[in-house]
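Here's a quick walk through a two-chain model, one chain at a time and then the place where they meet. Have the sequence and the 3D view open as you read.

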Amino acid sequence: MTRYILRRLIAMPFLVLGIVTLAFLLTSVTKGDPLTAIVSDRQMNNPEVVAAAKARWGLDRSLPERYVIYVGNLLSGDMGTSFITRRPVAQDVLYRLPATMELVVAAMIVGATIGISLGVLAAYFRNTAIDHGARLFALFGSSIPVFWLGLALLYVFSVQWGILPGPGRLDARATAPPMVTGFMTIDTLFAGDFRLFLDALWHLLLPAFVLGWAVAGTISRLVRANMVEVLSREFILTARAKGAGEFRVVIRHALRNTLVPTLTVIGYSFAYLLTGAVLTETIFSWPGMGSYAVEAARGLDFPAIIGVTIVGGIVFLFTNLLTDVAYVVANPRVRLG
Amino acid sequence: MSASPLFEVRDLRVAFGRNGTYAEAVRGISLHVDPGEVLGIVGESGSGKSVGMLAALGLQPEGARVTGSVRFDGRELVGLPRRELRKLRGSRIAMIFQDPLSSLNPVMTVGEQIIEAVRLHNPDMSRHAAADRARDLLALVAIPQPDRRLAQYPHEFSGGMRQRVMIAMAVANDPDLLIADEPTTALDVTVQAQIMEVLAELQARLKLGLILITHDLGVLAGHADRVAVVYAGQVVEQAGVDDLFARPGHPYTRGLIASIPDMTVQNDRLFSIDGTPPALGQLPAGCAFHPRCIAAGEICRREAPSMREEGGHAAACHFAFAPSETIA
């Protein structure tokens, strides 16, 4: 097990280099001219300014040259400077990453909890109203686009009924606690402000649900299918013959057997959540990587775009590793060496 | 035969329904087991012998309709609330199944599963005490190195060892009745005898009432006190084991006996009964066995035979115990 994890960790830098290369090359083949983001329209006709800008940002070098310089800088943690914010990209991204992670983790908890519960109920009460309701819920979750759902729920719960807060991570009048982890729910606790913690949790609820719904749908369908299959297996009969109650049969015996494929899907849904976070963050004014990426893309902010891509890729690599490890822990029949 | 049997099934019927019409898989089975007695139930796959015994314990598949009477220790089980049935299952009545690999939970250690069986009926027992009990149980079924074995998963056991685990789990709470549903069918021939030995020894030591469900009459020869032969959802013959082999009253039983391979006789072909058992809901008129029966007469096509009894030996055949039965 330890050897397996080590081997995966050793492979990691090479995969990251692959991501870097791909992100870099993809950006350079886009039609957009990064100069338009740096130099104002009026100055575009001034060859001296253009030449100076090119030299300043290294755009006068050839692609291979730029690539080597970029990778070299990356080794010392330098991801270049954002065209828009004029701050180091690494700093921007590190500042925004926790907000996204908090949202994604919350969405994952919401999605997994709802998804597993619904899947279990739908399988146990299959072909009843509960099953059909769960199917409908899943269908909605995976077919309604996040941006529409976000706006609609925001309108209903926040504007019309006023029972949930509007966009943002905290109440507009509140002062954010000093940044420690960047997770608002954790930092407020570090600051010892329980009311602010509840406020942060409250603000997290709707975006997490919006983002997690689709995942809940996928997971519920998968859990249902697996549960139906597992519930027909013979060891379920054994459990009943032992005198186990239905709750124990379903949760302890059946659900544990469906956990293996479920864990895989939860892990891989991470990629979807990271992508979905882009739109969710924009709607909920969430100061995370997603909204940063949108701004960067709009402004042809190449260093920022590459930076976000790389960090997203690394996060994804780690969750994949985590998924595989969890898979082994949950499934005693797999032994890694 | 004592006055009150440990387990008595009377006219048990199990029907499966689709679109309002029901087809009976078990068509009125009656049998009984006395305390400490071994009853063999023999029949082909699909004859209803397993479904019937599962239904007796309330473990019938979803949607099945169960009628009739099942009394255990004087108590009626059909219609008993689920909670009450659950208390009996695994404590006073235990079951083991055909395939020990699929009958054990693959993601729980063997120890967890045995301890669960113990603690389900002894909720006050500590985990530690239950673990001790689990260790004793493994020793009881002759599994060496119990400490190491308890921490392992079912896939780390061989087939025979798995079935021993199933048996250990079944006798965890000193049951009065053990229902073994084809306990050796899925095992290698060499292992079958060992498992039967373990079962027989435990049966004698714990004074278990044992119901041995099998499709192999040969298995019962050395192990059962009495045998019930089941065909198409009904008991067609019931007798003491020696009596049954010496004087089979039903042509189906004669066929089963004839198809046991005999090592002492040089024979190229093994006897087999022609045809297949009737499909669910497609019973022939008259005696259910008549299309396959070599001794069937006119009456067999018209009338279903009732049980004829002669000195504790009963058979449901129009020609049972008749002097002219030398036809077979």
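## Chain B and its annotated domain

UniProt, in an unreviewed entry, lists residues 9-257 of chain B as "domain: ABC transporter". UniProt positions follow the numbering used here, feature names are shortened, and annotations may be inferred rather than shown by experiment. Over residues 9-257, chain B comes out as 39% helix and 27% strand, with the end C-alpha atoms 25 Å apart. Helices (H or I, at least four residues) and strands (E, at least two) are DSSP runs, counted off from the N terminus.

## Ground rules

This is a predicted model, where local features need pLDDT of at least 70, side-chain atom pairs count only at pLDDT 80 or more, and totals for chains, interfaces and linings use all residues. Residues are numbered from 1 along each chain as its sequence is written, chains are lettered from A and ligands numbered from 1 in the order in which they are written, and side-chain values use heavy atoms, leaving out hydrogens and water.

## Chain A: helices and confidence

Chain A has 13 helices and zero strands. Its C-alpha atoms fill a box of roughly 85 × 55 × 40 Å along the principal axes. On pLDDT (the predictor's confidence in each residue, from 0 to 100), chain A averages 87, and 99% of its residues score at least 70. Among its elements, helix 2 (residues 35-38) of chain A has the lowest mean, 75, while helix 10 (residues 234-241) of chain A has the highest, 94.

The unreviewed UniProt entry puts "domain: ABC transmembrane type-1" on residues 97-327 of chain A. That stretch of chain A, residues 97-327, is 80% helix and 0% strand, and its end C-alpha atoms sit 26 Å apart. The entry also gives "transmembrane region" for several spans of chain A, including 200-223 and 258-284. Residues 200-223 of chain A are 100% helix, with end C-alpha atoms 31 Å apart; residues 258-284 of chain A are 96% helix, with the ends 34 Å apart.

## A look at A:N226

A:N226 belongs to helix 9 (residues 194-231) of chain A. Leaving aside residues up to four places away in sequence, A:N226 touches A:T258 and A:P261. A:T262 is 36 residues from A:N226 in sequence, but their C-alpha atoms are 8.8 Å apart in space.

## Where the chains meet

How many residues does each chain bring to the contact between chain B and chain A? Chain B has 29 residues in contact with 22 of chain A, contact being heavy atoms within 4.5 Å. The two chains bury about 2200 Å² between them, 56% of it on carbon and sulfur atoms; buried area is the accessible area (1.4 Å probe) that two parts lose on being put together, summed over both.

Chain B and chain A share five salt bridges, each a side-chain nitrogen of Lys or Arg within 4 Å of a carboxyl oxygen of Asp or Glu. B:E62 makes a salt bridge with A:R126, with the closest N and O atoms 3.7 Å apart. On the side of chain B that touches chain A, helix 2 (82-88), strand 6 (93-96), helix 3 (100-103), helix 4 (110-121) and helix 7 (159-170) of chain B each supply at least two residues. Helix 4 of chain B gives the most, with six residues.
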